[in-house]
Amino acid sequence: MAKKALVLVADGTEEMEFTITYDTLVRAGIECTSANVQSGGSPYGTVGTSPALVVCSRGIKILPDTTLQPLEAGPDKYDALVIPGGLKGAETLSQSTEVQTLVREYFNGGKIVAMICAGTLAAKTAVLPHQPVTSHPVVRDALTQTFEYREDSVVVSDKVEAVTNERVAGTAFPFAFKLVELLCGKEKSDEVRGPMMFPPSVPYPY
């Protein structure tokens, strides 16, 4: 049975972190669903689309698969929860009580919670236990007192491998390869990576 991943998105999400992760997972045969987490009305002309268009951090518009429905988004439905960064989007996602609940449910259920860049703020707002994390440097100070902060590009938690973090948009590919590895194994990750001609000079795996 194919693995499934729920990829959250909001106005202000970093488009590279969303699309690179989503695309890489799909290439690995993982069934992905993107879910819009809305925070009030959007000023970006989303009227007339359902779900509402998301306008990312650089102005690129994405039409998600659905609007987040918590009862249909739990760890009984998916194998991984992905939370991208982009400061404005990460603030919306991390401050959502529905997202906070999902993060705890996935973590406690031993499922993967994959947080990218500023998306790691969700680990703090969901009150996850002390463990290794990384993030974009702009939110580092918000995490250092709660977690074991590392400067590595990709970090996998020692807590049942439930939490995977990536620092910035530039390391989204290694993050996505590692996520494929955790879900489908190293062989599948290498199979996906090969045709993409990912530069061999970039360190991987982490």
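Student: Which side chain meets that of Asp76 in a salt bridge?

Tutor: This is a predicted model. A salt bridge requires a side-chain nitrogen of Lys or Arg within 4 Å of a carboxyl oxygen of Asp or Glu. For Asp76 the N to O distance is 3.1 Å, and the partner is Lys77.

Student: Is Asp76 buried or exposed?

Tutor: A residue counts as exposed when its relative accessible area is over 50%. Asp76 has a relative accessible area of 61%, so Asp76 is exposed.

Student: How does Lys77 count by relative accessibility?

Tutor: Values between the buried limit of 20% and the exposed limit of 50% form a class of their own. Lys77 has 34% relative accessibility, and therefore counts as partly exposed.

Student: What is the N to O distance in the salt bridge of Glu148 and Arg150?

Tutor: Glu148 counts as partly exposed at 33% relative accessibility, and Arg150 likewise counts as partly exposed at 31%. Their side chains meet in a salt bridge with an N to O distance of 2.9 Å.

Student: In which helix do Lys188 and Glu191 both lie?

Tutor: The side chains of Lys188 and Glu191 meet in a salt bridge at 3.1 Å, N to O. The two residues are 3 residues apart, about one turn of the helix. The helix covers residues 186–193 and is α6.

Student: How many salt bridges does the count come to?

Tutor: Besides these pairs, Arg140, Asp141 and Glu151 are linked in a network of salt bridges. By the 4 Å rule, the count comes to 8 salt bridges.

Key: Residues numbered from 1 in each chain as written. Predicted model: local features only at pLDDT ≥ 70, side-chain atom pairs only at ≥ 80, totals over all residues. Heavy atoms only, no water. Buried < 20%, exposed > 50% of the residue type's maximum accessible area, 1.4 Å probe, protein only. Helix = DSSP H or I, 4+ residues; strand = E, 2+ residues; numbered from the N terminus.
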